[in-house]
Structure formats: structure tokens, C-alpha cells
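Visitor: Could you walk me through this model?
Guide: Gladly; here it is.

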Amino acid sequence: MLSLTLKEVSQAFREGRISPTELCKKCLNRIQRTQHLNAFITVTQELSLKQAQQSEIRLSQGVPKGPLDGIPFAVKDNFCTENVKTTCASRMLKDYTPPYNATVVQKLLDQGAVLMGKTNMDEFAMGAGSVDGTFGPVRNPWSYAAPYRAQTGASSDSDWVVSGGSSGGSAVAVASLTSYLALGSDTGGSTRNPGALCGVVALKPSYGLLSRHGLIPLVNSMDVPGIITRSVSDGATVLGVLQGLDIRDSTTVPAPSSLTDLPEDFDIRNICVGIPKEYHAPGLSEETVVQWSRVADLFERAGARVEQVSLPHTQYSIVCYHVLCNTEVASNMARFDGLEYGHRSTMDSSTEVMYASTRHEGFNDVVRSRILSGNYFLLKQNYDNYFVKAQKVRRLITDDFRRVFTSGVDVLLTPTTLTDAARYLDFTQEDNRTRSAQEDVFTQPANMAGLPAVSLPVALSRRGLPIGLQLIGPALEDKKLLCVAQWVEQRVAFPSISDCGDIQESRKDTGMTEREQTSAV
Amino acid sequence: GSIFIPILSCKGAGNGRCGTIDPAAVPADLVDKLERLALVDFRTKQGLACLEKAVRFAGQLHAVDTSGVEPMDSVLEDRALHLRGDAVTEGDCAEELLGLAERTVEEYFVAPPGMAEAAFMSSHQLPENHREE
């Protein structure tokens with residue numbers, strides 16, 4: 001039951017094969033049993049059960065609110081949730097309880113979906129491994145599945161692999177079968193990266209299609225709420241619910257069409273698939289190249305046109321992002337001063353001392369170093385040289401995409417990440433900036449240009465870990481993008497984790513931090 | 001046929017201040033200024049090394065010819081964005097918001113004295129035994 005897609009569960013509800021309360025209890029129980037993955041910062045058990053009961057009443061009266069009524073979902077801990085702690089995995093907001101819901105959260109609740117909890121991440125979404133949050137690293141559930149254990153002979157507990165990030169907890173919640181859908185956020189690849197490493201479908205919609213109201217900002221001009229599901233069609237259902245103009249976010253745009261179900265038999269022969277040659281990057285694993293070619297061949301054999309294209313400025317995307325992200329971070333993080341909400345230092349000899357010590361105590365080194373360099377790029381003498389320069393490069397990157405899409409290409413096919421998931425011990429050998437630069441290299445350009453992009457799992461690697469590929473489409477062509485993604489999904493036959501030997505259950509020897517996770521029913 | 005730029009590793013790129021003049025080297029007075037702007041208490045050796053690496057990494061942008069290119073700050077630049085009516089639609093939640101702060105007095109947030117004021121107060125403080133009188 002837990003490994004079903006959203007549509008199948010909805011069907012099971014209607015046929016009375018399971019009730020929302022039963023399902024909610026199953027998911028809570030599973031959260032309990034997979035605690036060692038550290039996917040959740042807060043589990044909203046009481047609230048979940050209450051919502052599930054309300055949903056049950058609606059279903060029994062034959063008046064469900066829609067396809068998501070009674071469906072368990074998880075939310076990354078940088079979306080505000082009314083009366084539920086929202087920490088951004090930072091000491092700064094460790095005890096912050098927002099008085100309102102983010103628009104995307106509210107929309108899911110309005111549909112009767114059942115909130116299971118808030119998921120773990122890199123502090124303030126700055127990272128690509130979900131290893132840099134104050135609540136400890138997130139573990140990839142495939143670390144404990146049979147293929148990885150068998151292929152690598154991994155036995156000791158230290159062999160576990162990272163979930164990717166920064167929305168690692170959300171990807172793990174969906175991959176480890178504790179939620180049917182999860183919200184992530186995606187500024188440089190933070191939804192697609194963990195999606196690829198955890199073997200789930202991860203959609204970054206077009207910029208402006210989903211409201212950012214209540215999403216604690218990282219880079220305002222690139223942040224997009226991301227959707228993580230087990231199937232492309234589930235992703236389309238959720239996108240249909242979440243998309244559209246929001247009066248509380250002036251950067252939202254009207255949805256181009258109401259998203260109806262994706263066609264089961266999409267005609268791929270009219271599609272032109274572009275393969276950007278610059279994505280043959282150093283460090284790209286041979287296995288990923290093999291999968292990339294395999295799917296390109298699938299397209300070609302089915303009659304689609306497959307063309308090599310060039311995006312000459314894409315190579316500068318990561319450096320450009322480094323400057324734009326740090327400058328916006330410098331400005332966005334100014335709100336955390338200890339006065340109105342969040343952590344406040346007891347050092348109070350002056351306002352400035354209190355500010356500085358609050359921020360020293362509240363932020364980790366990654367956040368503080370980004371604030372510092374962001375301020376450097378914004379200095380009067382550096383402003384044109386770095387900040388404005390990066391904005392100009394951003395236009396060149398965006399224009400590359402525009403040129404390719406107006407030349408007749410419908411979607412671009414690329415890898416999502418360079419390799420499958422790294423072992424935690426290996427991943428943490430490099431610092432956060434270096435890792436972010438490596439990990440976001442294929443995903444970041446789509447954020448620069450505001451384009452929709454989706455990562456979907458296509459195969460298991462020799463190590464028994466998921467490999468994902470990415471499809472990128474023109475702005476606001478999210479539906480067509482998902483049609484193509486579903487076509488691929490139907491042909492690659494990626495295995496469900498539940499068919500790969502179940503996840504090893506919570507063990508005493510993992511050394512994970514104790515969290516306020518009350519026991520499940 | 002890859003044209004990807006090499007990603008600089010943070011390792012071994014640390015000491016940029018010895019030897020020849022490094023454009024990424026950040027002079028001490030500038031670090032103080034930055035610290036006053038950023039207020040993150042990161043004036044440590046490690047903080048400085050990180051900053052210099054960040055600056056050096058960003059320097060790769062200068063390889064791109066951007067002459068005649070307009071800066072871009074939003075992908076929605078060509079669209080008319082929706083503005084709501086200029087009217088108050090929600091509010092009256094002062095108590096709720098004040099409740100989020102660590103320290104309040106009546107309906108005010110409480111801040112310690114400003115830098116100048118703190119300095120003034122400490123230089124004009126009366127001897128301890130006169131205080132209570």
C-alpha cells in the first residue's frame with residue numbers, strides 16, 4: 001500500500017480498501033521505523049491523525065475535496081506552517097513557529113492532504129548534500145536496500161550514502177515510502193539533485209508558476225517550490241493543484257492551462273530532443289553517460305528527432321550563481337537580527353554586538369561565509385565588477401536557452417548529477433562551496449533562465465544506487481515537459497525500492513541525534 | 001570536446017596572500033568594513049580564507065565578454081506582473097507577531113542601546129555606590 005502512486009491510493013480510498021486514518025497510521029509507523037534516515041525534523045503526528053479523520057469523514061460521505069484528499073505529504077522545513085515549527089535546519093530558527101501557512105502548503109491542506117511533518121535539509125537550503133543542517137545529515141534510503149548492500153558488500157554503518165540536497169529530507173520521505181508527495185525548494189537544483197540520488201521524480205516548475213509566499217527566501221529571482229513524487233503523473237496532479245496566480249506573491253503568473261491528466265499515449269514523433277554538448281562535463285560518470293545515451297536512443301528509435309545543441313555560456317552558470325546567490329543571501333539574511341523573531345544572543349552591550357553575536361551563534365559557517373562574500377560583491381567598488389557582471393552573464397545563459405528552443409527544440413535531455421550518490425565519508429571531504437559547484441552543475445542553468453525541469457530515475461548503477469536524467473523545457477511549457485517525462489518513465493522501468501529488499505529498520509547503533517519524535521500509533 | 005571550466009578546489013587554494021599580488025587578497029581594513037556591514041562575527045583566519053576563495057572563484061566571470069549585454073535581474077522582465085489593489089486586506093495581528101520576539105515591553109520590540117549610545121553611557125556611568133541614591 002505504501003509504495004502505491006497517489007492515483008492508486010486515491011482509488012483505494014474510494015473503493016474502501018483502506019481509510020485515510022489507517023493509511024496515516026501506517027505512514028507514521030513507517031516514519032518511526034525509518035528514523036535512522038533523519039528525514040524529518042518535526043513529525044506532526046497529532047495534527048496528521050486529526051486531518052486524516054476529517055478526510056475520512058468526507059470520503060465516507062462521498063464528498064472528497066479532490067484527488068489529494070487523505071494523501072500523506074511532507075514539507076521541507078523552509079516553508080512556513082501555521083503553528084508548526086519551521087526551522088530551516090538552523091539554530092537561528094530552531095524555536096520559530098510561524099503564524100501562517102505558505103501558499104503552497106495551504107493549497108495542499110485545502111485539498112484535504114494530510115501533513116506528516118517537516119523535512120530535514122541543508123541550513124537555509126545552502127548545500128547540495130543535506131549534510132550541513134543543525135539537525136545532522138540525511139541518509140539515503142538506498143544505502144540500506146538490497147542492491148547497494150549486495151553490490152558493494154557494504155556492511156558497516158559508515159558506508160551509507162548522502163541523500164543529495166538541499167531538499168534531502170523531502171526526497172527521502174517520498175523514496176522511503178513515508179509520504180506520497182513532498183514539497184522541496186529549488187534555487188540551483190535543490191529539488192532535482194536529491195530527487196535523482198534518491199530515485200524519485202523531482203519537478204522544478206517554471207519560475208512564477210508556483211507561489212513563493214511563505215517560502216523562506218534564498219535567491220528571490222530563482223527560488224521555486226519543487227514537487228517530489230513517485231511518478232510523473234503524480235507530479236502533474238500536484239502541479240495542477242499548486243500552480244497559478246497568488247495575490248500574495250507579485251512574481252506569480254497565471255497558469256497557461258488548467259493541468260488535466262497527462263495522456264497515456266503521448267505521440268513522441270512530433271518531439272525534437274536537444275542534447276547539449278556542453279553537458280559532457282569532467283567528472284561525469286561513465287554509467288551516467290551510458291544511461292543518457294540509452295534514453296536518447298529510445299527517443300530516436302521511437303521516431304523523435306534527436307539533435308546535438310550548444311549552450312555556450314552554460315559553463316559559467318555555477319560561477320554566476322555563486323555571485324548572485326551570495327549577494328541575495330547577504331541581503332535576505334539581514335532580516336535575522338534577533339529582535340523580532342528567531343534566536344537572540346544574550347550579549348547585549350550594544351545593538352551591533354547583539355546582532356553580530358546572534359548571527360554568529362545562529363548561522364553555521366556556510367551561511368556566514370556566503371553573507372560575508374555577498375557583502376564583498378556588493379561593495380561600491382565591486383558592484384559592477386561582480387554583481388552587475390553576473391547579471392549580464394545571466395542574460396547570456398538565458399539567451400542560449402532561448403535560441404535553442406526557438407530553433408525548434410522541444411526539450412533538452414541531460415544528466416541530473418555527475419554521478420550516483422557519494423558515501424557520506426567521501427562527500428564531506430570537500431567543503432560546501434566546492435560540493436555545491438560540482439553538484440549543481442547540470443541543474444543550475446534552468447534556474448538562471450526560469451525554465452521548468454524535471455529529474456526522473458532511469459536505472460540503478462553498478463553500486464545499486466539510482467541514476468537520474470533531467471529534461472528541461474521552455475518557460476511555462478511544464479505540461480509538455482511532463483508528457484515527455486512520462487513517456488520516458490513508461491520505458492525505463494525503474495524499480496521501486498520496495499521491490500529491492502526493504503529498507504533496513506531503525507537500529508540502535510546509528511548514533512543519530514534523538515529528536516522529539518513521539519512514538520507512532 | 002568539453003569546454004567546462006575547471007572547478008577550483010578549496011583545498012590548497014588557501015593562502016592567497018603570499019608572493020605576488022593576488023587580486024583576491026582582501027586587505028585588513030576592508031575585512032573590518034565588511035564585518036560591520038555583514039555583522040556575522042567572521043573575522044577569523046578561516047572566515048578570511050573562505051572569503052578569498054569565494055572572490056577568486058567569482059573572478060572566473062571576467063573571462064566572459066559581456067560588452068553590450070544588459071544586466072538581467074528577473075526572468076519575468078518582459079511580463080506585466082500582477083499588482084493587487086493598494087488596500088489593507090489583513091493585519092491586526094500585533095500580539096501574534098510580538099509573541100515571536102524574545103524580548104518585548106508592552107507593544108514594543110526591545111533592542112539594546114546603539115553603539116554610540118552604549119559608548120556614551122559607559123563613559124558617563126556614575127560610580128557604583130552612587131547609583132541607588
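Visitor: What should I keep in mind first?
Guide: This is a predicted model, in which local features need pLDDT of at least 70 and side-chain atom pairs count only at pLDDT 80 or more, while totals for chains, interfaces and linings use all residues. Residues are numbered from 1 along each chain as its sequence is written, chains are lettered from A and ligands numbered from 1 in the order in which they are written, and side-chain values use heavy atoms, with hydrogens and water left out.

Visitor: Which residues does the "active site" annotation cover?
Guide: According to the unreviewed UniProt entry, Lys76(A), Ser166(A) and Ser190(A) carry that annotation, given in the numbering used here, with feature names shortened and annotations that may be inferred rather than shown by experiment. They are spread over 115 residues of sequence, yet they cluster in space, the largest C-alpha distance being 10.9 Å.

Visitor: Where does Lys76(A) lie, and is it buried or exposed?
Guide: Lys76(A) lies in strand S2 of chain A, residues 72-76 (strands are DSSP E runs of at least two residues, helices H or I runs of at least four, numbered from the N terminus). Lys76(A) counts as buried because its relative accessibility is 0%, where buried means under 20% relative accessible area, exposed over 50% and partly exposed in between, with a 1.4 Å probe and protein chains only.

Visitor: And Ser166(A)?
Guide: Ser166(A) sits in the loop between helix H5 (146-152) and helix H6 (168-175) of chain A, and it is likewise buried, at 0% relative accessibility. Leaving aside neighbours within four places in sequence, its contacts (heavy atoms within 4.5 Å) include Lys76(A), Asn120(A), Ser130(A) and Ser190(A).

Visitor: What about the secondary structure of chain B?
Guide: Chain B has four helices and two strands, running α-α-α-β-β-α from the N terminus on. Of its 133 residues, 27% count as buried.
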